[in-house]
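Please read this note beside the sequence and the model.

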Amino acid sequence: MTLSEMREILKARDLQLTKSLGQNFLHDGNQLRRIVAAAELAPTDKVLEIGPGLGPLTESLLTSGAQVLAIEKDARLVAFLRERLTHLPNFTLLQGDALQFLQQETVPPELAGAPDMATPAGQADWSAWKLVANLPYSVASPILVELALHPRRPERMVTTLQLEVAQRVAARPDTEHYGVLTLLLQLHYTSHGYFKIPSGCFFPAPDVDSACLTLVRRPQPLLDEPETKRFVALIKRAFSQRRKMMLKLLKNDWPADRLEAAFAKLGISPQERAEKVGLEVFTEFCKLLAE
Ligand code: SAM
């Protein structure tokens, strides 16, 4: 979809774009191809796209032959996409808030029959899916966290984000961008890097820089489900005041003797701040706390 085609559609349907919904549409063919390439799609794949907008990425995804489920909040865009794409057998479109949709434990009735979408008990199952999306920036982080910590999380997530969010997710310890978001995402995924997308590739051009990030699910999770819950509580507390010593902060939630024993066993200095501590140490710490 070219920029002039996009403008024509918006004009013909008298569509005023909504800033709060992050409606910056990607019209650059090269960038769309790079995003789809990063998804490494096969015709047997199942793709979740959040926020299809006018559908430029959706069309590229559908061309690969993969099954695409798209969730769009804006009813005007859903009406447009229904006219344009719903005749395609590999396309399913839902209207709604994607974050709310992902937070539901069970699959909504209209999708209950969809293949590989739910466990026999009706719980959502994304484990055979890939997320490929140019996400609405205001809800991008919660959407990524929701899926990354889901018990049946997607195998790959290729998402266009605000550059700063991509930097935070892919960060290394003891760097400016390292923090809670890094650890929540890297616990079950490895970052395969990101590429920047110039603002001029979007209509209208956003005020912030953008990048497309690829995350690939770890073949073996570092922690099981109960440990993952403890990990989330641990790192949220450890980073709750960035400049404070981690040991002091953790004493709010765990007995001092257990913490001190775990620090000693892992060779962490009692003066250490969370931003210096890597993922592997946090995961070992979590296991020690459970003992
Ligand atoms: N994929 C299109 C593209 O690349 O041009 C549009 C991307 S645009 C950055 C984000 C899209 O997400 C918009 O179409 C917007 O209406 C939609 N959106 C915003 N908030 C949403 C939400 N909570 N759930 C689903 N869609 C949402």
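1. The lining of the largest cavity is made up of six nonpolar residues, two polar ones and no charged ones, where Ala, Val, Leu, Ile, Met, Phe, Trp, Tyr, Cys and Pro count as nonpolar, Asp, Glu, Lys and Arg as charged, and the others, Gly among them, as polar. The residues in question are Phe101, Gln104, Thr106, Val107, Pro108, Met117, Ala124 and Trp126. A cavity here is a set of points, on a 1 Å grid over the protein atoms alone, where a 1.4 Å probe fits but cannot get out, and lining residues have an atom within 4 Å of a point.

2. This is a predicted model, in which local features need pLDDT of at least 70 and side-chain atom pairs count only at pLDDT 80 or more, while totals for chains, interfaces and linings use all residues. Residues are numbered from 1 along each chain as its sequence is written, and side-chain values use heavy atoms, with hydrogens and water left out.

3. How many cavities of 30 Å³ or more does a search of the whole structure find? The search finds one, and the largest cavity holds about 40 Å³ of space, a volume being the space filled by probe spheres set on the grid points, which are joined across faces, edges and corners.

4. The ligand sits in the largest pocket, which is to say that more than half of its atoms lie within 2 Å of the pocket's grid points; a pocket is an open set with protein on both sides within 12 Å along at least five of seven lines. The elements that give two or more residues to the shell around the ligand are β1 (25-26) and β3 (67-72), strands being DSSP runs of E of at least two residues and helices runs of H or I of at least four, numbered from the N terminus.

5. There are 22 residues around the ligand, and Gln23, Leu26, Gly51, Glu72 and Asn134 come nearest; a residue counts if one of its heavy atoms lies within 4 Å. By class, this shell has ten nonpolar, seven polar and five charged residues.

6. Among the polar contacts (pairs of N or O atoms within 3.5 Å), a polar side-chain atom of Glu72 is 2.6 Å from an oxygen atom of the ligand, and a polar backbone atom of Leu26 is 2.8 Å from a ligand oxygen atom.

7. The peptide bond from Phe203 to Pro204 is cis, with omega near -10°, and Pro204 lies in the loop between β8 (202-203) and β9 (210-217). Asp14, in the loop between α1 (3-12) and β1, has a positive phi of about 55° although it is not a glycine.

How values were computed. A polar contact is a pair of N or O atoms within 3.5 Å; within protein, one must be able to donate a hydrogen and the other to accept it, and residues adjacent in sequence count only if both atoms are side-chain atoms.
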